Amino acid sequence: KNLQQGVSGTSTFSYEVAVADTGNCVESEEQILSWITVGGTEEDIPIGVGKSTVRKVLLRIPSGTSLCTARFSVVVNSETTEGYGNDFFDITVKAK
């Protein structure tokens, strides 16, 4: 959501997803990050003041991955503010 004050119109945002914690996974940070197939980063997202937008991050967990939980962080930057906002999501790998 664009909560910037003292501006009008539309601002441009970007985000990047990273591995925040490998949790109890035996896979490396790089292997866990490779689960992201689409939406790991995006730039030039226009959002009007007071408006919000939603983006999806799609993952594909490879067969043979350990049954575990890992945490991903999402860092949002605006055209004027690096580290505008951040959040996280957890992924739990379970048996089929």
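This is a predicted model: local features need pLDDT of at least 70, side-chain atom pairs count only at pLDDT 80 or more; totals for chains, interfaces and linings use all residues.
Tutor: Contact means heavy atoms within 4.5 Å.

Student: Which residues is Ile36 in contact with, leaving aside its neighbours within four places in sequence?

Tutor: Ile36 touches Val17, Val57, Leu58, Leu59 and Phe72 once those neighbours are set aside. Ile36 itself belongs to strand E2, which covers residues 36-38.

Student: Is Ile36 buried or exposed?

Tutor: A residue is called buried when its relative accessible area is under 20%. Ile36 has 16% relative accessibility, so it counts as buried.

Student: How far apart are the C-alpha atoms of Ile36 and Glu16?

Tutor: A separation of 11 Å lies between these C-alpha atoms, and the two residues are 20 residues apart along the chain.

Student: How many bridges join E1 and E5?

Tutor: Strand E1, residues 10-21, pairs with E5 over eight bridges in the antiparallel sense. As a point to locate on the model, Phe13 stands opposite Ser78 in E5.

Student: How many salt bridges does a search of the whole structure find?

Tutor: To read such a feature, one looks for a side-chain nitrogen of Lys or Arg within 4 Å of a carboxyl oxygen of Asp or Glu. The search of the whole structure finds two salt bridges. In one of them, Glu42 pairs with Arg55, with the closest N and O atoms 3.1 Å apart. Glu42 lies in strand E3 (residues 41-48) and Arg55 in the loop between E3 and strand E4 (58-59), so this pair ties together parts that are 13 residues apart in sequence.

Student: How accessible are Glu42 and Arg55?

Tutor: Glu42 counts as partly exposed at 26% relative accessibility, and Arg55 counts as partly exposed at 37%.

Student: Which residue forms a salt bridge with Arg71?

Tutor: Arg71 forms one with Asp90, the closest N and O atoms being 2.7 Å apart. This pair links distant parts of the chain, 19 residues apart: Arg71 is in strand E5 (residues 69-78) and Asp90 in strand E6 (residues 85-92). Arg71 is partly exposed, with a relative accessible area of 34%, and Asp90 is partly exposed, with 39%.

Note on methods
Residues are numbered from 1 along each chain as its sequence is written. Side-chain values use heavy atoms; hydrogens and water are left out. Helices (H or I, at least four residues) and strands (E, at least two) are DSSP runs, numbered from the N terminus. Buried means under 20% relative accessible area, exposed over 50%, partly exposed in between (1.4 Å probe, protein chains only). Two strands pair if DSSP finds at least two bridges between them.
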